[in-house]
Amino acid sequence: MNKKFGIREVVAAGIGTALFVVLTQVQIPLGFIPNTALQPRMAVLSFMAAIFGPLVGALIGFLGHALGDALFYGSIWWSWVIPELVVGCVIGLFAKKYAVREGGFNGKAIVRFNVVQIIANAAAWIVCAPVLDILVYAEPANKVFAQGFFAFLGNIIIIAILGTLLLAAYSGISGKNAALKKED
């Protein structure tokens, strides 16, 4: 993982944020819990964070959620924006360990990625979001902890399936390209 934040990372953050915003409206509602749904945009967040690292992941989570809320719902629900930042950042912290760019995203790397995303989502949705909902918006604890738990479940499912598939496909392509060498 590159420690600098250059043009590649700026472009990745921009593209990731745009995709995240566009996918804001693509949701499969969990009918029994209000305002909670399966969201494919989480696969985009995890994919970009796993390739480009914690800063890109955090930016996509933060900007993507804030812009999506503003554009589609008319206001920003900050207590759910911050957890997206947390998920992107935590997944991105281990980007080098996933070996996606090198073509090594298989076996242990897939398990590592999914363990990290489960921990990141637990911190974000079981702890951070409900606590912020209570502190910032004075929401009832039983409601927000239920929402947070089901958001956690939905996100880990989407990321485990779509995020893992995207990363495996990209790693397969990226690994082949990394093996190519310029002839003299």
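Leu135 counts as exposed because its relative accessibility is 66%, where exposed means over 50%, buried under 20% and partly exposed in between (1.4 Å probe, protein chains only). Leu135 sits in helix α6; helices are DSSP runs of H or I with at least four residues, numbered from the N terminus. This is a predicted model, in which local features need pLDDT of at least 70, side-chain atom pairs count only at pLDDT 80 or more, and totals for chains, interfaces and linings use all residues. Residues are numbered from 1 along each chain as its sequence is written, and side-chain values use heavy atoms, leaving out hydrogens and water.

**Surface patch**
- Leu135 belongs to a nonpolar surface patch with Ile126, Val127, Val131, Ile134, Val136, Phe145 and Phe149, and together they have about 670 Å² of accessible area (Shrake-Rupley method, 1.4 Å probe, only the protein chains shown counting as cover).
- Such a patch joins nonpolar side chains within 5 Å, from residues with over 30% relative accessible area and no salt bridge (a Lys or Arg side-chain nitrogen within 4 Å of an Asp or Glu carboxyl oxygen).
- Helix α6 gives the largest share of the patch, six residues.

**Nonpolar core**
- The largest nonpolar core has 36 residues, and Ile91, Tyr98, Phe113, Trp125 and Leu167 touch the most other members; a core joins buried Ala, Val, Leu, Ile, Met, Phe, Trp, Tyr and Cys residues through side-chain atoms within 4.5 Å.
- Helix α2 supplies the largest share of this core, 10 residues.
- Beyond its neighbours within four places in sequence, Leu167 contacts Phe47, Ala50, Ile51, Val100, Phe105 and Phe113 (heavy atoms within 4.5 Å).

**Helix α4**
- Buried residues of α4 include Trp80, Val87 and Ile91.

How values were computed:
Helix = DSSP H or I, 4+ residues; strand = E, 2+ residues; numbered from the N terminus. Patch = residues over 30% accessible without salt bridge, like charges linked within 9 Å, V, L, I, M, F, W, Y side chains within 5 Å.
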